[in-house]
Amino acid sequence: MNSASTLITILLAINICVFLSFIFTKHYFPFFIFINILSIIILWGIVWKEYVHRSIVAHKGKEILIVLGLFGVAFLVRLYGIENVTPGMYGDEVTVAVQSLQLLNQKEWLPFIGNYSHPTPLLYMTAASIEVFGHTITAVRLPSILFGALTVGAFYILLRIHLPGKFALLGAILLLFQYSHIVLSRLAYEPAAALFFQVLTVIFLSLYYKTKEKYVLVAIALVVGIGLYTYLSFRAFAIAIVLMTFLVLWKQTTKNRLQQAALFISILFIAAMPLFSYAIIDGQGFGARTSEISLFSRGYASEELVRELSANVYRTITLPFIGIPGSNPPSIGDPNPGKNPSGVTIFDPITTIFVIIGFVYLFRYKRGLFYIVLLLLLPAIISDIFSTEVIPNLHYYGLGHPNMLRISGIIIVILFVATYGLYAFFTWIGKDKGVIAVSCLVGFACLINWFWYFGQANITRTFYLYNYKVNKTDVIQMITYVNASSAKKVSMTTTLAENREYIAFFLHPDSNVSQFALNERTNILDIITQSDVTVIEINPSTIAAVNALLTTDALNSGTITMHEIKGVVDQPDIVVFEKVIH
């Protein structure tokens, strides 16, 4: 037994003791969580020393520069206009921000929040970002932006294992500008991180298939274990990867199969140990979200269940690629404007064509890889088709499908196939014209995807207006103005004060908010003079009072100023009255 193996055995023993501590005490003391984190870091150090540095870093300097370049460009693309496109901030993202800050006040380092049904590591990352960069949209979304950019670099590495360099680069550029991946990378949700660990897992699985290196097996287990702390649908992907790993291990290894399997299970246990313990302590909370959205939790009769499932299958498999704009019910991409702000398909037409070519090529010339691709697509598809959405006063079969978040796992696999399609197209038309042709087609696909995302205000105006209002763009602009005024006493109409999470997160903590109902009995001028800032939402019940204020002596004398927060139709949504202190 060498020193690395001895160290792994020691780490396993320590983590088993910590695991038992969690189980019996039902408490997650920071010191014990720190031991687990340190164990994972040490294991990564072993992988780095025994394989990554020796076999990759020392010999792939040019490739590393390409990866860093892709990461840098992808980061800038995903950061560009983050405060304004899509307008405002989705309510669930604000909940993520509030929950992440609340975690900082906990005495224990929980791996999972049962009543929120989400793992905590990404929440801690979000909290750290907010603490460093402030209570801004950028800070809340920064972890997703980082993971989105990292995924682009990692995807190049995955493609480079299977294809020549120029095609790996073209495939990575496709992902860099891919509409749906940009959407996910600019929302404060877990799928962006899950996709990164998905790519990383397949990278190490590919390397293990080729090298049979023990420490690559360690890397697979580490990535799968850490990935379980991201999006819930990663659980299904993890099951598929574990099965594939054991299949590869069994076929590739003639000796020490049991030892290799035991090593894999041990490292997986260490990587996800706190999460496994939480699943035992609070199994109901751990599986609450999965049960909540399950198609089988609705109590459908057999006939109704078949209709729902059939519609889910049809919409999930077809609508990412083709759709009918303006159809009712929506039949183009994710029908949710929050996850599909332009109301378009998940994949553009050029990419879709190369996906078809890629599948044909893989089936004819790389049959084994073809079946692996299908297997890797299954977890995301299953996660989506066996889930359901319930929207009050709205129903159609297949409602809410395809769901961009749940089906996000197909993005990497589909673009992998599309890159093989590029390679097949290149070989079919010949080398002389091939490079120029595929480069131009990738360029056109990138332009389409860029316009789809950053031109969303002009593509589907209904979705844009919906997001503007639902994402509380006017409320965020109002709070930004109030923060700039350094007001301590802020009065708001009741309808605005009801946006409690937005106010709690974005408004400066030194500002005290009171609310009032504006009606014919309200002495609005007294409220304005007794407050530093008074904010009124413009609606049919308040417009008359606001118009009356415009003629008051106080407003005309300069003791009170008025600022308008205008909406997308250039009409004021909110007015802010500020008392002038001379």
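Q: Is the crossing of α3 and α7 right-handed or left-handed?
A: This is a predicted model, and in it α3 and α7 cross in a right-handed way. The contact is built from Ile-66, Leu-70, Val-73, Ala-74, Val-77 and Arg-78 on the α3 side, and from Leu-169, Ala-172, Ile-173, Leu-175, Leu-176 and Phe-177 on the α7 side. Sorted by type, these residues give 11 nonpolar, no polar and one charged.

Q: How do I read the way two helices pack, and at what angle do the axes of α3 and α7 cross?
A: In general, you describe two packed helices by the angle between their axes and the distance between the axes. Here, helix α3 (residues 61-79) and helix α7 (residues 165-177) have axes that come within 10 Å and cross at roughly 15°. Angles under 35 degrees count as roughly parallel, so α3 is roughly parallel to α7.

Q: Which residues is Asn-471 in contact with, leaving aside neighbours within four places in sequence?
A: They are Thr-86, Pro-87, Gly-88, Met-89, Tyr-90, Ile-476 and Tyr-502. Look at Pro-87 too: its backbone oxygen sits 3.0 Å from a polar atom of the Asn-471 side chain.

Q: Where does Thr-534 lie, and is Thr-534 buried or exposed?
A: Thr-534 is part of strand β5 (residues 533-537). With a relative accessible area of 0%, Thr-534 is buried. Beyond its neighbours within four places in sequence, Thr-534 has contacts including Ser-491, Phe-516, Ile-524 and Val-575.

Conventions: Residues are numbered from 1 along each chain as its sequence is written. This is a predicted model: local features need pLDDT of at least 70, side-chain atom pairs count only at pLDDT 80 or more; totals for chains, interfaces and linings use all residues. Side-chain values use heavy atoms; hydrogens and water are left out. Axes are lines fitted to C-alpha atoms, for helices over the stretch in contact, and angles run from 0 to 180 degrees between N-to-C directions. Helices (H or I, at least four residues) and strands (E, at least two) are DSSP runs, numbered from the N terminus. Angles under 35 degrees count as roughly parallel, over 145 as roughly antiparallel, 65 to 115 as roughly perpendicular and the rest as oblique. A crossing is left-handed if the near helix is turned anticlockwise from the far one by less than a right angle, and right-handed if clockwise. Contact means heavy atoms within 4.5 Å. Ala, Val, Leu, Ile, Met, Phe, Trp, Tyr, Cys and Pro count as nonpolar, Asp, Glu, Lys and Arg as charged, and the others, Gly among them, as polar. A polar contact is a pair of N or O atoms within 3.5 Å; within protein, one must be able to donate a hydrogen and the other to accept it, and residues adjacent in sequence count only if both atoms are side-chain atoms. Buried means under 20% relative accessible area, exposed over 50%, partly exposed in between (1.4 Å probe, protein chains only).
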